[in-house]
Amino acid sequence: MTIGIDKIGFATGRYRLDMGDLAQSRGVDSEKFSKGLLLDALSITPITEDIVTLGASAANSILDEKDKASIDMVLVATESSIDQSKAAAVYIHSLLGIQPFARSLELKEACYSATAALNYAKLHVEKHPQSKVLVIASDIAKYGINTPGEPTQGSGSIAMLISQNPRLLELHDDNVAQTRDIMDFWRPNYSTTPFVDGMYSTKQYLDMLKTTWAEYQKRSGKTLADFSAFCFHLPFPKLALKGFNKIMDKSLPDAKKEALKANFDASITYSRQIGNIYTGSLFLGLLSLLENSEHLQAGENIALFSYGSGAVAEIFSATLVDGFKSQLKTNRKEELESRQSISVADYETIFFEEDALDEDGNASFADYVTNDFSLVAIKGHQRIYEAKDGQENN
Ligand code: HMG
C-alpha cells in the first residue's frame, strides 16, 4: 500500500499589494524587493478572513461528498490561531460538513507544524487504510507597518487530502528532523505581531538546512542526484534560492543542475506573488512546482525542506505517481491575477483592522471580498462564519 497526497488545494487573500507600490511608499529602491527578496506582490486579507475561512476555502476547492464521508481526522497547522482553546479544525470540520465521527485538532511549531501533521496523517492511514485525513496549513503573516519583515507578509492556506493509493504524490519514510532551541522569531500571547531577529533567522534557516541535509544523506544514502526537484520553506523566495545554492552538488552534470534550477524557479512562481504563508509556504512551493514545471514526470522524486522558527526543521521526500497532472489546476495564475489591487493606504487599513467589540462581545464588519467563506460577525465573543451560499455556522 502506498500513502500520500491525493489532492491539494489552495486559497489566498483576495486583495493584492504590489511590491513596487510598497517600495515607493517606504522610500526603498523597488529592486530591493523584486531582486533582493524575489517578491512581486503580497496577498492581503481583510478582517472577515482568518485561518478558518482560508482553510475551509482551500479544502472546499478539492473535496467531494465521498471524501467528506471518509475523512476521520482534520488537522490544522497554524501559528495565527484565533482561539487559545478551540481548534480551528473544529470550525472547518463543521463548515465543510465532514461526517461527525472524526478527530479535529490544531498543531503548532511556527512554520513547521504542517509537516508534523502530514506525518501524523500518514501514520493514521497506515493503521486505518480506508481513512482519509484532511491536513490544512493556514496562516496570515503580519509583521507590522514599516518593519523589516513587512515586505515578506502574506496570507493563505494549503489543504491536502492524505489517503492510501494517492493520485498525486507518494510519501516516503525517510524523514530526518532537527530541533534547536533558538530565538530567531517568536510571538508571545500578548503580541499580535512577532519579534524577529531577521538576519539571525536567515543564518539559522541556512544552517539547519545544511546540517539536516547532511544527516538526511547519511541516513538515507540518497544524494541530490536522486531528486528532480527540491522544495523549500519560503519565508521569501530569495532565502530559498540561497538554500538551493547551498545544497547544490557541484559535481553534478550541467544538464542536471539546470533541470534542478528550472524546477526551483517553478517552485517559487506562486510565492513571488503571495508572500509568506508560514505553515503553508513549503506546500505552496510544492503546488507551484507541480503546476508550473514543464519537465516533471511520474516516478520522479522530490525532496522537501520544512523550517519553523524556534526552531524545528525536517527533510523528507515524495514520488510523483502516474496521472498526477489530472489532480492539478491549470488556471491558478488567472485566479491570482483576479485579486483586487489595493493602494498602500488601503492595505494599512484593511490588513491591520482589529475587532471593535462592544461590552457584550459583539462586533460586525464591513463587506469585504473573501473566498468561499467569511467571518460575518462576532456575537457574545463567538465567531460567526458564513458560506457564500449564505448558510450560517456558529
Ligand atoms: P532587509 O532589511 O530586507 O535585509 O531584511 P537586507 O538589507 O539584507 O536586504 C535584503 C536583500 O536585498 C539583500 O540580498 C540585499 O543585498 C538586497 P542578499 O545580500 O541577502 O542576497 N538589496 C538589493 N537588491 C537589489 N537592489 C537593491 C537592493 N538593496 C538591498 N537596491 C530580513 C531582510 C530577512 C531581515 C527581513 O525581511 C525580515 O526580518 N524578514 C522576516 C524574517 C524572515 O523571513 N526570516 C527568514 C528565516 S526564518 C523563517 O523562515 C521562519 C518564518 O517563516 C517564521 C516561522 O517559522 O514561523 C519567518
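# A walk from a loop residue to the ligand site

Start at Asn165, which sits in the loop between β7 (154-164) and β8 (169-171). Keep in mind throughout that this is a predicted model. With Asn165 selected, check its backbone: phi is positive, about 40°, although Asn165 is not a glycine.

Next, select Tyr278. Find it in the loop that runs between α10 (271-274) and α11 (281-292). Tyr278 is not a glycine either, yet its phi is positive, at about 50°.

Now go to Gly310 and Ala311 and display the backbone. The peptide bond joining Gly310 and Ala311 is cis, with omega about 10°. Ala311 belongs to the loop between β13 and β14 (312-320). Stay with β13 for a moment: β13 (301-308) is one of the elements that supply at least two residues each to the shell around the ligand.

Select it together with its surroundings. The ligand sits in the second largest pocket. There are 28 residues around the ligand, and those that come nearest are Glu79, Cys111, Ser201, Lys242 and Ser309.

Colour the shell by residue class. Twelve of its residues are nonpolar, ten are polar and six are charged.

Then colour by domain. Both domain 1 (3-168 + 330-393) and domain 2 (171-322) contribute at least three residues to the shell around the ligand.

Switch to secondary structure. Besides β13, the elements that each supply at least two shell residues are α2 (30-37), α7 (198-220) and α8 (237-247). Select α7: with five residues, α7 gives the most to the shell around the ligand.

- Glu79: an N or O atom of the Glu79 side chain is 2.3 Å from an oxygen atom of the ligand. Glu79 is also among the residues that come nearest to the ligand.
- His233: a polar atom in the side chain of His233 lies 2.8 Å from a ligand oxygen atom.
- Lys32: the distance between an N or O atom of the Lys32 side chain and an oxygen atom of the ligand is 3.1 Å.

How much of the ligand's accessible area does the protein cover? On its own the ligand has 1,100 Å² of accessible area, and the protein covers 76% of that.

Terms used
Residues numbered from 1 in each chain as written. Predicted model: local features only at pLDDT ≥ 70, side-chain atom pairs only at ≥ 80, totals over all residues. Heavy atoms only, no water. Near = heavy atom within 4 Å. Polar contact = N/O pair within 3.5 Å; in protein donor to acceptor, adjacent residues only side chain to side chain. Areas by Shrake-Rupley, 256 points an atom, 1.4 Å probe, with all protein chains shown as cover. 1 Å grid on protein atoms, 1.4 Å probe; cavity = no way out; pocket = protein on both sides within 12 Å on 5 of 7 lines; lining within 4 Å. Sits in = over half its atoms within 2 Å of the grid points. Helix = DSSP H or I, 4+ residues; strand = E, 2+ residues; numbered from the N terminus. Nonpolar A, V, L, I, M, F, W, Y, C, P; charged D, E, K, R; others polar. Domains from an automatic or database assignment.
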